[in-house]
Amino acid sequence: LRPFVEAIHGAPALSIVLFIIFALGPQLTGQSRTVRFNAQQAVLIDVALIFPQLIGEAVADADANLPRAVMEPASNFVWYFIVSCVAYCVVSNLRGKVPNQIPY
């Protein structure tokens with residue numbers, strides 16, 4: 001994976017191009033429903049990971065000295081959310097139900 005990571009860091013516009021390909025590519029090429037769904041999930045996870053990073057950089061740039069009790073839960077929120085979504089999907093599948101109650 002190192003060559004891909006170096007290519008993305010070497011060309012900043014490449015990440016935007018990959019995002020657009022994942023967002024629009026499957027719909028425009030007539031891929032199956034599963035491929036379109038997985039591509040949409042990848043885009044949503046990418047967006048979910050960008051916002052906390054931007055907020056964290058804004059707080060760091062403002063030189064705000066927030067207490068550790070506030071910073072740790074805030075920085076782990078995305079991980080908690082993803083784990084809870086995965087747990088919900090696993091439990092729903094084990095019960096034989098379709099996990100369709102997560103908004104997207």
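With which residue does arginine 2 form a salt bridge? Its partner is glutamate 6, and the closest N and O atoms of the two side chains lie 2.8 Å apart. The structure is a predicted model, with an average pLDDT of 77 over the protein. This briefing covers confidence, the salt bridge, the cysteines and a nonpolar surface patch.

**Model confidence**

- A pLDDT of at least 70 is reached by 87% of the residues.
- Among the elements of the protein, α5 has the highest mean pLDDT, at 85, while helix α4 (residues 68-75) has the lowest, at 70.
- Where pLDDT is low, predicted coordinates should not be read in detail.

**Salt bridge in helix α1**

- A search of the whole structure returns 1 salt bridge, and arginine 2 and glutamate 6 form a salt bridge at 2.8 Å between their closest N and O atoms.
- Both residues belong to helix α1 (residues 2-10); because they are 4 residues apart in this helix, about one helical turn separates them.
- Arginine 2 is exposed, with a relative accessibility of 63%, whereas glutamate 6 is partly exposed, with a relative accessible area of 44%.
- In general, side chains of opposite charge can pair when their charged atoms come close.

**Cysteines**

- The search for disulfides across the whole structure finds 0.
- Cysteine 85 takes part in no disulfide, and the nearest cysteine sulfur to its own, that of cysteine 89, is 6.7 Å away.
- Cysteine 89 is likewise in no disulfide, its nearest cysteine sulfur being that of cysteine 85 at 6.7 Å.
- Cysteine 85 is buried, with a relative accessible area of 17%, while cysteine 89 counts as partly exposed at 24% relative accessibility.

**Nonpolar surface patch**

- Ile45, Leu49, Phe77, Phe81, Ile82, Val86, Val90 and Leu94 together make a nonpolar surface patch of about 760 Å².
- Two helices, α3 (33-61) and α5 (77-95), each contribute at least two residues to the nonpolar patch.
- Helix α5 provides the largest share of this patch, with 6 residues; α5 is also the element with the highest mean pLDDT.
- Valine 86, one of the patch residues, is located in helix α5 and counts as partly exposed at 48% relative accessibility.

Technical notes: Residues are numbered from 1 along each chain as its sequence is written. This is a predicted model: local features need pLDDT of at least 70, side-chain atom pairs count only at pLDDT 80 or more; totals for chains, interfaces and linings use all residues. Side-chain values use heavy atoms; hydrogens and water are left out. A disulfide is a pair of cysteine sulfur atoms within 2.5 Å. Buried means under 20% relative accessible area, exposed over 50%, partly exposed in between (1.4 Å probe, protein chains only). Patches are made of residues with over 30% relative accessible area and no salt bridge: like charges are joined within 9 Å, nonpolar side chains (Val, Leu, Ile, Met, Phe, Trp, Tyr) within 5 Å. Accessible areas come from the Shrake-Rupley method with a 1.4 Å probe; for residues, only the protein chains shown count as cover. A salt bridge is a side-chain nitrogen of Lys or Arg within 4 Å of a carboxyl oxygen of Asp or Glu. pLDDT is the predictor's confidence in each residue, from 0 to 100.
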